[in-house]
Amino acid sequence: MSDLKVEDFCPFCCPSHNGGSTPIPTTGKTIFYTSSQQDKMAKMEVKTSLLDDMIGVGDMVLLEPLNEDSFINNLKKRFDHNEVYTYIGSVVISINPYRSLPIYTPEKVEEYRNRNFYELSPHIFALSDEAYRSLRDQDKDQCILITGESGAGKTEASKLVMSYVAAVCGKGAEVNQVKEQLLQSNPVLEAFGNAKTVRNDNSSRFGKYMDIEFDFKGDPLGGVISNYLLEKSRVVKQPRGERNFHIFYQILSGASEEFLCKLKLERDFSRYNYLGLDSARVNGVDDASNFRTVRNAMQIVGFMDHETQSVFEVVAAVLKLGNIEFKPESRANGLDESKIKDKNELKEICELTGIDQSVLERAFSFRTVEAKQEKVSTTLNVAQAYYARDALAKNLYSRLFSWLVTRINESIKAQTKVRKKVMGVLDIYGFEIFEDNSFEQFIINYCNEKLQQIFIELTLKEEQEEYIREGIEWTHIEYFNNAIICDLIENNQTGILAMLDEECLRPGTVTDETFLEKLNQVCATHQHFESRMSKCSRFLNDTSLPHSCFRIQHYAGKVMYQVEGFVDKNNDLLYRDLSQAMWKANHSLIKALFPEGNPAKINLKRPPTAGSQFKASVATLMKNLQTKNPNYIRCIKPNDKKAAHIFNEALVCHQIRYLGLLENVRVRRAGYAFRQPYEPCLERYKMLCKQTWPHWRGPARAGVEVLFNELGIPEEEFSFGRSKIFIRNPRTLFKLEDLRKQRLEDLATLIEKIYRGWKCRTRFLLMKKCQVVIASWYRRYSQQKKYQKIKSSAITVQSYIRGWKARKVLRELKHLKRCNEAATVIAAYWHGTQARRELRRLKDEARNKHAIAVIWAFWLGYKVRREYRKYFRANAGRKIYEFTLQRLMQKYFLEMKNKMPSLSPIDKNWPARPYLFLDSTHKELKRIFHLWRCKKYRDQFTDQQKLIYEEKLEASELFKDKKALYPASVGQPFQGAYLEISENPKYKKLKDAVDEKIIIAEVVNKINRANGKAASRIFLLTKNNVLLADQKSGTIKSEVPLGDVTKVSMSSQNDGFFAVHLKEGSEAASKGDFLLSSDHLIEMATKLYRTTLSQTKQKLNIEISDEFLVQFKQDKVCVKFIQGSQKNGNIPTCKRKNNRLLEVAVP
């Protein structure tokens, strides 16, 4: 039993009736509620104690007199008045009413929320709230153990606990999703794991333990579900009056015809051998509606559509396995074998699961046994084939259920890795005593024995031991300890499970009878084991105990077990051929359910038995429960008819006895209702005594003694242990809490007063500090303004003085410059006079020398002619000369015929001159030949090509060797119309405004004289005008007649800048000349030159200079081109230096 704390009895919701806000003490905090909130809580209050308006006795500890009859009468009285919950201290007794009661509404949830356990009428919500607050506020992991017989209402109790926790914990999108998934996991597990039995229409045929994980605020993060021993034998056989698992009936009742067709199922229950027909329909149960609920719950939990489809396909396959029937056949060697009667069912199963029909058919007919390196294949007779079929159905459904639990855990597990608080809810099989009890009932009752042992150890036994340990005097109470029964079942040497495992593993012939014989030998002397075949003679004549049975005296009573089937069910064998056939399926889910079927992972080791697996699971569960603070709900079934308003006293008395409820009441009555260590007790109540408040300097026990003496609590109401204070009556605690509450209100008022004083002082100091800061800032601002004014005056005076000095220096420099210029002019005139005199002297000397040379030449010629005249006749020499000259010229022309160059005008090759006297002739022939081949080349041109070459020729004459940009333009054809004005709708307005033919249309950059920046303009040249238009809108900005253009200026460098000079006094020149920049400068200047010449009959002056003047309105600005590196690459930039200079930096 959990140790109760002072916090457990603190009235968390105590409304104030004097208006205003009331501080409500909680664990270490004070919460202030408004009047409206207090009124709301006051309306929810029904009782202030479970003793008020009590029907019977709400807490059995207060029952007088205490005996079995009064105990049962008290339960019956409360049951008749719809009070189905009763306390035994902190244990809740729950009686199944077998009907709906209006005590689980949202209003009831709010009524019990944050209320003391004993403050209201007994309710399962009170225990749930107690466990949740202990987990949230005291950081203690909790577990809620719900025990009782089958049909006592354990499953519904676990649902109520989970729904209450979900209602009172935090809110938010993520939290609500987690809560919804945790709650919706129940319908899925109930559909696949619950069934109708003779005692319960919704009996859990598996054990479920759910750990709900919370964060530090108490908000759920997720959960983990553990399942224990599904009753898979129910899949193939159900006792009379009972049903198979709910999901089979839900699919057939609620699925659509189309869905059933996909699963190859029919809606008629009688078509399936695995479904019992005598109880197929249950009154008050709507299987069709439940099927829709299950599908919706699977979607909420997180199942994908294909996963849901796969699950239902496996369920359909299990259902159809029961329809496979076998017939015997004899082989030639005399051995019997089995064959499938109708293979249609087998074919449909194979289509559902994706298994090869021949593989599955062979697995039903043969069994392969492997031993070391040998394989032996044997045939199966009809009985063995039916066993194999049922074993496959049971294993397939059992593994599907385990997969469902694992898949739900993946969806609801906590996503964060922070430290978690855990609340466990155990909903496991109740104690079962049927007419025919087999291996399943034995295992279920063993689990209940272990739970009863936990209850005994943690309540009755620990209660007594704690009193002895603390030195508290009390009357010792004897109680039955069922550890001897647990030892009978689970002892590793002589326990029934150990004997069963040993018998299953023993070589030779093993039957249920040999197992019973072994039990009779080992357990015959055990006081809780009974058998007619044992050595104990007292049971030899007991006719109520058949020879094939044994009986165990459980804590809940005697149960007789049919030994038939114990060995087979414990072995739980599935032939390896069937496992391998399932692994070969194309169905991903079925393949995942049978990993041992993989040939690569064959394990010849025998798998553990069902009993040993369950024993290990129970041991793990018990170990887990012992690490948590337990809370108990003891469920009682009022009758066996599952009817409302019926209270069977004999049945209830039987359950009270085996649950040990009377012993629990006696322990609580003999002891104390509350105990707590001295330190936390003193810490909680120290404000009630001036000597202990605010700090107690001595031992904690001495402080508690001073406190209780000061408060005047009677000595019989409490006792001092070695480490704890023990209080007998809960009312003493209520008194302490009321005093503490009043004292906390006084302390809250004091704290509020101190806080208000501190707040006012803090505000005053802050305002004072702000005033100082503002004053300092203002003084700084005032001094800054004064300094700026003085600084401005000083700068003004300095500027005037610097201007005066600069003008004085300028005048001196101008005077010096004029003197230097005058000296230069005089020197220039003098140097010119001297140079002209020298030139005349040199010319006279040259003429004299030339005259002498001529006279001398004539004289020599004369002397030669006179000397040789006597040797030759006068005409003989002429003839020889002419002949020789003729022969040389003939030879010259013949050689020229063979050495003529190509007809290309650009071919500059020409044969070398052979004789000096033919020099002029040779040059003339070269000129004539070049003119002739140029004419031949020109004759091939069209008129348009002639015009282009004329423009190119004109450009060559204008710019060759003058403009560095010219060589790059030679290879570029002159297009003229670079903008398709007639075709572009953007320029429709411009096209309509220009009626003449456009010679050139180009985008240029117009240079702004103010800052040197460029603005895009459209440059249009027609026969009579030059136009500039806006590039975006097409509006004409300027229109200049060609007659007003006087000159075009440009630099000699590699840039596209040019200036269009206009005639002074013309209308176009009012704004000054145009300074433009273009990528096609050579073409634009050439066309402008030719067009002006054509229209005005005057040549346009093209000025090429690196420095020229441009007229801007009334001012003339010098445009100067310089060489410099550019940040923008090879793009020239224009920059305004001063009012008279624009500097263009050319790369």
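Helix H7, residues 246–254, is largely enclosed by the rest of the structure, because 9 of its 9 residues are buried. Buried here means under 20% relative accessible area, with exposed over 50% and partly exposed in between, using a 1.4 Å probe and protein chains only. Helices are DSSP runs of H or I with at least four residues, strands are runs of E with at least two, and both are numbered from the N terminus. The buried residues of H7 include His-246, Phe-248, Tyr-249 and Gln-250. What covers them includes helix H6 (173–193), strand S6 (194–195), H8, helix H9 (287–301), H10 and helix H13 (382–412).

A word on the source. This is a predicted model, in which local features need pLDDT of at least 70 and side-chain atom pairs count only at pLDDT 80 or more, while totals for chains, interfaces and linings use all residues. Residues are numbered from 1 along each chain as its sequence is written, and side-chain values use heavy atoms, with hydrogens and water left out.

Next, the sheet. In what order do the strands of the open sheet run? There are 7 strands, in the order S3-S4-S18-S5-S14-S8-S9, and the pairing is mixed. Two strands pair if DSSP finds at least two bridges between them. At the edges are S3 and strand S9 (220–228), each of which pairs on one side only. From one strand to the next the twist averages 20°. Axes are lines fitted to C-alpha atoms, for helices over the stretch in contact, and angles run from 0 to 180 degrees between N-to-C directions.

Two helices pack on this sheet. Helix H4 (residues 124–138) touches S3, S4, S5, S8, strand S14 (421–427) and S18, and its direction makes about 150° with that of S14. Helix H21 (residues 610–626) touches S5, S8, S9 and S14, and its direction makes about 35° with that of S8.

Is strand S4, residues 91–95, mostly covered or mostly open? Mostly covered: 5 of its 5 residues are buried. In a regular strand the side chains alternate between the two faces of the sheet. In S4, Val-91, Ile-93 and Ile-95 point one way, Val-92 and Ser-94 point the other way, and all are buried.

S4 has a partner on each of two sides. With strand S3 (residues 85–88) it pairs in the antiparallel sense over 4 bridges, and Tyr-85 has Ser-94 as its bridge partner. The hairpin of S3 and S4 has 2 residues between the strands, and there Gly-89 takes a positive phi near 65°. With strand S18 (residues 629–636), S4 runs parallel, joined by 4 bridges; Ile-93 stands opposite Arg-634. At the other end of the order, strand S8 (residues 207–214) and S9 pair in the antiparallel sense over 8 bridges, with Lys-208 opposite Asn-227.

Gln-142 counts as buried because its relative accessibility is 0%. What does its side chain make a polar contact with? The side chain of Asn-631, at 2.9 Å. A polar contact is a pair of N or O atoms within 3.5 Å; within protein, one must be able to donate a hydrogen and the other to accept it, and residues adjacent in sequence count only if both atoms are side-chain atoms. The backbone oxygen of Lys-140 also lies 3.2 Å from a polar atom of the Gln-142 side chain.

Last, the aromatics. Rings of Phe, Tyr and Trp (its six-membered ring) pair if their centres lie within 6.5 Å; planes under 30 degrees apart count as stacked, over 60 as edge-to-face and the rest as tilted. By this rule the count comes to 35 aromatic pairs. Phe-259 and Phe-312 have ring centres 5.8 Å apart and planes at 90°, so that pair is edge-to-face. The pair links distant parts of the chain, 53 residues apart, with Phe-259 in helix H8 (residues 257–262) and Phe-312 in helix H10 (residues 305–321). Phe-259 is buried at a relative accessible area of 8%, and Phe-312 is buried at 0%.

That is the tour; I will take questions.

Notes
Contact = heavy atoms within 4.5 Å.
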